[in-house]
Amino acid sequence: MIFPAPFNPFFLLEFCARLAQVFHMPVRQLSEAVINRIAAGEVVERPASVVKELVENALDAGARRIEVVLSGGGQRLIRVTDDGAGMTPQDLQLAVDRHATSKLPDDDLNSVSTLGFRGEALPSIGAVAKLSIITRTKDAANASEIVVDGGRKGAVRPAALGAGTRIEVRDLFYATPARLKFMKSERAETATAVEAVKRLALARPDVTFVIAAEDRPPITYAAQSDSAEGRLARMADVLGADLKENAIAVEGEREGVKLSGIAGLPTFSRANSLSQYFFVNGRPVRDKVLLGAVRGAYADLLHGDRHPVVALFVTLDPREVDVNVHPAKTEVRFRDSGLIRALIVRSLQDALGTGARRASTTGATRLVSFARPHRGARGHVSWRGSAASLRSGFAEAAQEAFAHFEPSADARPSFALAAPDLLDKPLGAARAQVHETYIVAQTRDGLVIVDQHAAHERLVYEKLKAAMERDGVARQILLVPAVVELGPDNAAALVERAADLAKMGLVIEAFGSGAVLVREQPALLGDTDIEALIRDLAEHMAEWDAALPLERRLLAVASSMSCHGSVRAGRRLKPDEMNALLREMETTDYAGQCNHGRPTYIELKLSDIEKLFGRR
Amino acid sequence: MKVTVERAELLKSLSHVHRVVERRNTIPILANVLIKAGKSGLELKATDLDLEVVETLPAEVKTAGSTTVPAHMIYDIVRKLPEGSQVELTSGSDRGTLAVKAGRSRFSLQTLPESDFPDLAAGELPHKFSVATSDLKRLVDKTQFAISTEETRYYLNGIYLHAVEGKPAKLRAVATDGHRLAQVEIAAPKGVTGMPGVIVPRKTVSEIQKLVEDAGEEVEIELSPAKIRFSLGKVTLTSKLIDGTFPDYGRVIPAGNDKTLVVEKADFANAVDRVSTVSSERGRAVKLSLASGKLTLSVTNPDSGSATEELEVEYSSDPLDIGFNSRYLLDIAAQIEGEKAELKLADPGSPTLLQDQDAAGALYVLMPMRV
């Protein structure tokens, strides 16, 4: 409503009249163009979503090779070329209409097996940009082209193209200038668009992907076999080569739901969760259930603000999952999310349990790279400096006599001869303890340095944890049951999981709507702040659907008990004790890192040592 | 100020007051003890803003005056002075130091002006009564163990002291941490009726426990809803009270427990202590299996083994299995004075009542553990 610039006394009257006009407007059907623009707001949020939709279409068309070209952050131009099935001119005419798709053959939304199905992408894009589609089926005489410009559909014309489809989107959002204002920098938009292609590339190792954008060298992911090896190779291509050495294959199946993928070692963690990739039936998703499950599985392996690197593929009957939750299809609903969570947590823990006995190799790599530039650093000692140090050095020399007094106890590092059969063990044979803190062990092809306190702490902790799992958590009944006000949603969510909580020693029940009554608490926690615990739990439950805070508190107690019950730094270990520690680390789950996620040992390969000395 | 005082007297008084002073302070004056010389002798005063202890002691005062010096330091100095020596305290000429002389030792301590020293004692304390020292000791000693250390339920961080009307009227102390409860009462002293129920904080309780050792026959108590003062001979302790509502504890004291178990207290405590040796974890339960005339205590720890012990007891109800936190059982057993303790049980999920069979006036409630 526009106000008249010079104020006059009749202004109010006029204003009311206009208001009345607005309120008396008749209801009418919105035009197709407006509907498409509204829908576009949901499907086409930014260039990355256009790229995603188009690449998904290409994949659904059975393409073996997909080329993506971006210009101006995808705003000026997005071109996706594939060698898929293509479309006939009749199909092409229909394809740019709303809710027209080839992908739901029997109109069954319960079993969606293609990436797209809503029939919204092309008309939505056409509504906000200049869209051109050239396509040709294998046996068509020539290709056809259609142009949609800001929602105005042109006629189908003959064009030239080999088999497949080429879609060009130019001047994205020129028809909805408001959207343009929300675009980030070209660089940032390019990065998210490339990220979107990467996600799809991870899902389909059997397809070749080429991504070209102005500000970066073109990336080519060559097609791999559609097997576990092929997938790993693609992951290494996409996520970086050091992933291979620092990740473990994850495999699991339960009640027809299959899980595969890789999990990064806890010591190979990142500061954010962007390096977590999830695929449900080949569809890249970012789902709370999945994210939460991964968090739960890594709960006591990582420090709170670190995130693991994972790529997980969930395969299940399409009827067990609803992908039609959000137009962009990044969220899904599982019919049985508890099953999915349990499967992920269990499979990850199984894989990490054996795998996390390893610590990541990056520690050693870092060491090598730090150490190298030291060559020749001592070359510049001036003669002046040395004269001065000579004078003060005299007094020190006098003191030095005292430094060699033998300590009353034998504090020499203990040495051991390597028993040859121990050299073949993963952590090798203990050779010496240095600084009464670190165990140096020799393997066939390198050297292992173990932090004895961190390592033993983990061993004790794992034992306590196992005991807790085996015997359950002892429960102390409360004399005065505590009532905690939570609000109806949180309270209901918590009460729903009462059975699980009881296993961990916390017995609650509903107390009216919006409150819970705590009857029993884990005896381990002693005199604790129940209310804070319950609130924490409820909030976590609402977000992640998991009882992590309680688990974490119990484990924190176990953790501090294990800290007190373990061999400290400064304790001298005999060769047999050191070897026993190494052998136990080899057989204990998660022995590769201490309770705080730091490595318990680092391994230096002989080749690394040779690098340090410039032999290689 | 110039004053001479017996080292032993000074040491004893300082040992009383210096405990109140926290080791680390953000307000410098709180690290100090106020020393005031007047007609009646020497007065020492220390505070942590919640609690104030004042003690007077005889001294030869040459010049009256007052100053403050670091409490822990002067205590350490006096402690290390030779026995039987006379200590002379003199304010320095510049009033910035206090000279401490004894024998051949000379100390000069930095002082802070006494005008900065906080005064907690101000305000009316309308309710006044006195109790026998032994009674007060009983009230606090037997309930102190059950005070909660958990700070969000701050109203449980102390002993709830209140008058109970009836015939005869009682003065009652209650403490609970949500797992167990202790209740002790004495015959109401004169002047108690009408007093508000007050929660005496944990630190004050532990100070009283130490101070009653050197107190006379009677302790005078004055209180208002916000403050309480104990006058124990030459020592006066004034404390703020916890501002909160103590829960309605009466509801959790079971009335209908019909299964009565009587044990020899010493045997029982020793047996609990013995079997709980095999439990490693904190809060590990001990299981009590009751049959006619027989009690079997058992602890199982899958990591290290198990332990059982049988006791002959007075019990004639139906067999019952019930678990308790062994530390809680030992805590309560330690409070039982007589030879026999009586336990009144209902079922493994309900509160159990423990009492001294010989001495009335004290009862304990303990919640079982799930075993």
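## Two helices in contact

In chain B, residues B:K265, B:F268, B:A269, B:V272 and B:D273 of α5(B) meet B:S326, B:L329, B:L330 and B:A333 of α6(B); contact means heavy atoms within 4.5 Å. By class, this contact has 6 nonpolar, 1 polar and 2 charged residues. Ala, Val, Leu, Ile, Met, Phe, Trp, Tyr, Cys and Pro count as nonpolar, Asp, Glu, Lys and Arg as charged, and the others, Gly among them, as polar.

Helix α5 spans residues 265-275 and helix α6 residues 326-335 of chain B; their axes come within 10 Å and cross at roughly 155°. Axes are lines fitted to C-alpha atoms, for helices over the stretch in contact, with angles from 0 to 180 degrees between N-to-C directions. The two helices are therefore roughly antiparallel (over 145 degrees).

## Basis of the model

This is a predicted model: local features need pLDDT of at least 70, side-chain atom pairs count only at pLDDT 80 or more, and totals for chains, interfaces and linings use all residues. Residues are numbered from 1 along each chain as its sequence is written, chains are lettered from A and ligands numbered from 1 in the order in which they are written, and side-chain values use heavy atoms, leaving out hydrogens and water.

## The sheet

Chain B has an open sheet of 9 strands with antiparallel pairing, in the order β14-β11-β12-β13-β26-β25-β24-β18-β22. Helices (H or I, at least four residues) and strands (E, at least two) are DSSP runs, numbered from the N terminus. Two strands pair if DSSP finds at least two bridges between them. The edge strands are β14 (198-201) and β22 (314-315) of chain B.

## Helices across the sheet

Helix α5(B) lies across β18 (259-264) and β24 (340-345) of chain B, at about 90° to β18(B).

Conventions: Angles under 35 degrees count as roughly parallel, over 145 as roughly antiparallel, 65 to 115 as roughly perpendicular and the rest as oblique.
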